[in-house]
Structures are given as C-alpha cells and as structure tokens.
Number of protein chains: 2
Amino acid sequence: MKLIAACLIKIAGTAMILEVEQMVEPKLHKLRSILEREGLDAAVITNPSNIQYFTGVSVGGSILVTPVDGSSQLLVPPLEYHRAMRLSRLRDLEIRPYYKYNLKGFEAPGLIRKGVYEALETVVEELGAKRIGSDLSASPAAHAERVKARLGNRLEKDIAEEIARERSVKDPDEIEAMRNAARVAEKALSKAIGELKEGISELELAGLIEYYMRMNGAEEYAFPIIVAFSENAAYPHATPSGRKLRRGDLVLVDLGARINGYCSDMTRTIVFGEPARRTRQIYEAVVEAVEEGINAIRPGKTGSEVDSHSRRILEKYGLSKYFIHALGHGVGVDVHEAPRLSPGSKDTLKEGMIVTVEPGVYVPGLLGIRVEDMVLVRQEGSEVLTSLQRIWVV
Amino acid sequence: MKLIAACLIKIAGTAMILEVEQMVEPKLHKLRSILEREGLDAAVITNPSNIQYFTGVSVGGSILVTPVDGSSQLLVPPLEYHRAMRLSRLRDLEIRPYYKYNLKGFEAPGLIRKGVYEALETVVEELGAKRIGSDLSASPAAHAERVKARLGNRLEKDIAEEIARERSVKDPDEIEAMRNAARVAEKALSKAIGELKEGISELELAGLIEYYMRMNGAEEYAFPIIVAFSENAAYPHATPSGRKLRRGDLVLVDLGARINGYCSDMTRTIVFGEPARRTRQIYEAVVEAVEEGINAIRPGKTGSEVDSHSRRILEKYGLSKYFIHALGHGVGVDVHEAPRLSPGSKDTLKEGMIVTVEPGVYVPGLLGIRVEDMVLVRQEGSEVLTSLQRIWVV
C-alpha cells in the first residue's frame, strides 16, 4: 500500500514535483523483542530519536513506557498532547499528558497531575514493572539522574546499545524513506548548481538550496547545511559566510533532508570554472577514494576495513595527512548513528545498514574537497542511494 | 570599537543590508570567578554551549579545561583543529588536537595521541588539578560517565547551575548580538509577509523566510522555523507541511536567527484576509496577554509571577484552558536557557536577563494564535528587543 500525493509547484518558471510518501511503520515490536531477549518486563525510553523510531511520534518532553506485554504509554506535556495524538498510528499506544502546575482548565483522558518524573514513577508502579530496561545513557545526564532517583533498582539494564544496533539495520520502509530524503536533497542541489553565478555568497547559496529542499517537501533538515567556497571548505564543518563566489572557486555543499523522520546525507564539491591542475588531481583522488570505499562495502566487513580502503587511495597520492576525519557513519532517524566507519571501528557491516562514505582532503588556507554518498549494505555488496553525479565542473 | 561591514545585496529587486557586527567577547573570566567562589582549582567543561560561551569556539567533540590560574586548553578532534584555531580569540587558550588512531601524517603543536577521555586525564594530570568543577550534568549521560571514570574523585562539584546562572545575565555585547539576531529575523519575516499570497504552502513560506534570514546574514538558525496555517497552528510545535494558504487563514510563524553564536526568538500570527469575529477576539486577548506579561517584567519578580500576569488575561476571556504551555524562557547562546517564566518557576528576574513572553491560544482542529517577544530585563522594568508590530491583518 503506497500513497503518493503529487502536486506541481511553480518555482522560478520550473515545475517541481512535491511527493508525500507513505510514512514509516513504528518499530515498537523491536523494542518488545529486546525486552524478551534480555528477560526484562518493561522499557523506559527517554531519547527522542529512540521514541520516534519506536512510536513514530516525535514531540518534546516525552517518555515512553513499554511493558513486554500490553499497551505502551507515552507521557507528553500538554502543549504536545494533540500533536502526539495526531502523529500516533499505533493502537496499543496510549498518549498521556502530565503536568504539575495548574493550567486552568486543561483536561484530557489519562491526564496525570504530576511532574514528569513523578508521573513516570506512577505509570511504572501501575504496571508493576520490576526489571526495567532503559536508554538513559543516551539522554542528558541531569535527566537520567532524575529518572534513576525515581525508579531506583527497578532499573535493571541500560539497553541503549541494543537499541542502536536494532536501529542500524533498516527495514524496507525505512530505506524507502531515506531514498526519498536523498532525492529531495539531490533535486535541490542540482537545481542550485544550475544557477551558480559569480558574486553569490555562501549564505545566499545556502538559503537557495534550503528553499529548494523545502519546495521538494523537506519538513526538516537532517543537519545545518554546509556551504563553503575554496579556502573556507578547508574547514570540514564550516558555517556559511558572506564570502562571494569567484571564477575558479570550489563550492563544497554538505546537505540532508529529513522526510518522515528519516535523514539523508550527501556532499558534493563543484568546480566553478577551470580547475587548477593540482585541484583536479585532488578532486580525482577523492572521487577514487569514494569509489574504493563503496566497493569495499559488504556484510561482514568492519568499519575500520572499509575506512582503510579509502584512506589507502589518498595515501597513494600523498594526501592522507589532509584526510582528518573518519570515513563515514550510519544514518537513519539521526544523521549520525551506528555503525562507524573509522580507523578504530570494530563495527561489523550487516545487510540493511545505511552508511555514508565521505573522504575529504582539506588543505588549510587553500581548499577542501569532500565527496559523500549514502550507501545501503546489500547481501552481495552495496547500493548507492545518492545518485547525483560526483564530478561537477560548471 | 565597533566594526560594521555593510554590503548591498540585490534580491527580488529589493536592496537588503547585510551587516556583520563585532563578535561577542568570550566570557572565560566568568568561569574563573566561579572557580574562585567555589574554591575549585580547575574546570572541565563539556557542554558545547558552555564552551562557546566561555571561549567563543563552537566545534564538535571538544572539552575545555580551565585552571583557576594560567592558560586554558581546548581539546579538539583533528577535523576541527583549524576551525578552532581560526575562531579562537583568547590569548590564554591553547587549542590541542587529540586522536587515538593513526591519521597518517596529521601533525599539530600540542597534539595528544590519545582518545578524548585519556587526553583529558593527561591534561588534568599535567595541571595537577585535584578539586575540579564540571558541567557534566549538562552533557549526555554516556559522555559524563566516561569523563567520571577518568577523573574520579578529582571531580569535586557539578557547577552546571552556576554556569547557567552566569549565562542568564547578559553583558552589553551579548545584548547587542541578540538585538542583531532579532533584527535579522524581523526583516526576513516582514519581507515575507509582504509577499503572502493564496496557494503558497507552509513549506514554501518556511523556505522563503529562511532564505531572507540567510540574505540578512543568518549563519545559523536558532531553531527549526515553525510555519503553520490555521488548524495546524493549534499544534504549538508544528512542522511545516504542504498545506496551502487560503483567504481567511491564520499564519503563525515562530522563528529565530543565530548571529555570532547568540539566538533570537519571536512569533507573529498574521491574519490573511478578514478575520472572523471570534478570531479577532482571541487575537486581541493574546496581544493583551503579551503586553501584560511584558509590563510585569522587572528585577525581583519571579517567573511564576510574570506567567500569572499573562495567564490571568486569558482567564478573563475564558481562554486559559487553551494556553497549554509556559509563558516564556531565557534566550542566549541557547534558544532555551535560564530563567523560566512558568506557573511553577521560582527563578527571580535580574537586570540583564533576556526572556521571551509568548502566550498562545490553541483551539484543537481550528486555530492557534501565539505572539512572542524577546524582552530585556532593565533596572526600571523592561525593553522589548523584537520591534516588529504585533498585529498583522494583510
């Protein structure tokens, strides 16, 4: 069952398609599997991305309580109650607002007139849960401490790593959502590349690409876009500035959309004008490093093995000292999640994982070139989910 | 000494001014004051916003170590090394990259060939620090645990609340940065209001406003913009959708820019067409509640007192059951920081604090109206930093 509502939107004389794809199924059953496997009788989930993954509901100030059998409860503050009700598509999830102070007339079924930690304790006591798995290690420390103070030794095990492992392997509907998120970013970037002109600033180009992502349906950005020209691109995590584009510049763009709660992540570097000989050499080396990394991906390989494949290419060209970060990372509900592709990573690739491959060369004061694809681990190797061409000279 | 680089940028036929204001002075001396007051010999600061506040450097994966006397050290991963060096303007701050695995040739002065926690322990041992204040309660729990495992009983006190209190009272240069951030958002919103037309979607309007914020110099957004029409505005934290604008709709926009590391936060609700009688009544009640809240602000008042002033206005009109959140919050490096203006808040206002006043009425399925200003607490009352008119009927 797939629902596509397509509508045509006119922008700058060009028709663009806005697609609203079917939403991803909440993965609450996977939380139950973890509880069964670990012999726990309930879960207390506090990390917003985990709550979104399990319930499809992403609202502030919420805590999820899931018994191994029976209905789950999502505690939410009053301001998020109606949105949580609208987002929820699970029959066995009860949305319960909590508040401690008088909001003068706010009423809702299941309302708990207590602060969030007291409300949580009440719900856990109602359930009679005694062996609780939690993801408190994935929450802010002060928040985790307050939950611990209420639940005490009923908290048996931290299951944040088990959850991260579940999340790292994607179902077909998650892969589809991420394909869509990738497409939104690609369309926006390729349209903006067609409009590159001398004098445009990093800030304006950032705004333009974001605008095109919005026009293609981006409800959220996966992360703040990076737009950096030439010497600014030597900072891997540059923020856009007033720097204006000149002939011969490099244009590095690292962008992602978030569609139905799932992220995309992609980087392209565009040569605006005629590349210098040295620039062209580096560009080709980086693209070769991307290809080599992608070709190394298959189930069973470790993150450090894949990283070393790309890194060796840059070493061959004497560029490895300019490659100052890890090769890649998992993507999903969060733009950075398990597994890691890095020199020290022992994470093992599995079918269904989605990772980035993003080698870069950063020469301080001069230039940065990074090319990044988002890659699905397949039984027989890999599939690149970001289909935009890698080399751009415009 | 004030440096303004102004340049004219042509956009859609209208000249807009892009201003780059002087940067805010890092507040490292305030960290030293806390250490002296608390009888501590060093601070270990892990929260990114705290690090930005004290050093002006905002890069991922960093930890700040500040002795009560002598130079501070900022541990950064290699990929952030050059950016941290560029951002740093403190003489007594040493930027030290760390890494555990071989990055094949990366070299830098002060390099520590260890993982971040081991590097931190090394630096603390070099300093001989024995009574350390930390902000670990303001960091992710897993990160805090790893730091604790390395530093053990050398960690004497959590000073996250002391830091939050320092941050809540702004210096003149911080106020100036936030004025600029407010102006960027105001200019963008008022330009977009002038271009409202039937059929524009929430997504497109969001993209348009963001584009105008970029054109006005927004390096970052303070938070993801909210653009919600009529019934969607009944969700206080709506995300933009494909919903198209019709005559008679309400347009709620909640937006903020981040300039020189400081945020703005403002909401306006625009009536597009002729408002229904009931809509007009609610609109006027919300604006009255904003004004009443602002008038209640002065040093010495508590957060709950100010909240109750606005809340009483909505109660008078029988609307308080639709006002389902706190009245406001502090703004600064983070868009949400101390103090809180809410029914239960015991926080006391002080001169120099900057808070939002943002009452709202949310009628499920029908409409939401919120009006939000950013307000500076002054010796004799308050000053509104967001100068855009409150009532819009276009």
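Visitor: At what angle do helix α7 and helix α8 of chain A pack, and how far apart are their axes?

Guide: This is a predicted model, in which local features need pLDDT of at least 70, side-chain atom pairs count only at pLDDT 80 or more, and totals for chains, interfaces and linings use all residues. Residues are numbered from 1 along each chain as its sequence is written, and chains are lettered from A and ligands numbered from 1 in the order in which they are written. Helix α7 (residues 172-193) and helix α8 (residues 202-215) of chain A pack at about 135°, with axes 8 Å apart. Axes are lines fitted to C-alpha atoms, for helices over the stretch in contact, and angles run from 0 to 180 degrees between N-to-C directions. Helices are DSSP runs (H or I, at least four residues), as strands are (E, at least two), numbered from the N terminus.

Visitor: Why are α7(A) and α8(A) called oblique?

Guide: Angles under 35 degrees count as roughly parallel, over 145 as roughly antiparallel, 65 to 115 as roughly perpendicular and the rest as oblique. The angle is about 135°, and α7(A) and α8(A) are therefore oblique to each other.

Visitor: How many residues does the contact take from each chain?

Guide: Chain B gives 54 and chain A gives 55, where contact means C-beta atoms, placed from the backbone, within 7 Å. On the side of chain B that touches chain A, α8(B) has the largest share, 9 residues.

Methods: Two residues are in contact if their C-beta atoms, placed from the backbone, lie within 7 Å.
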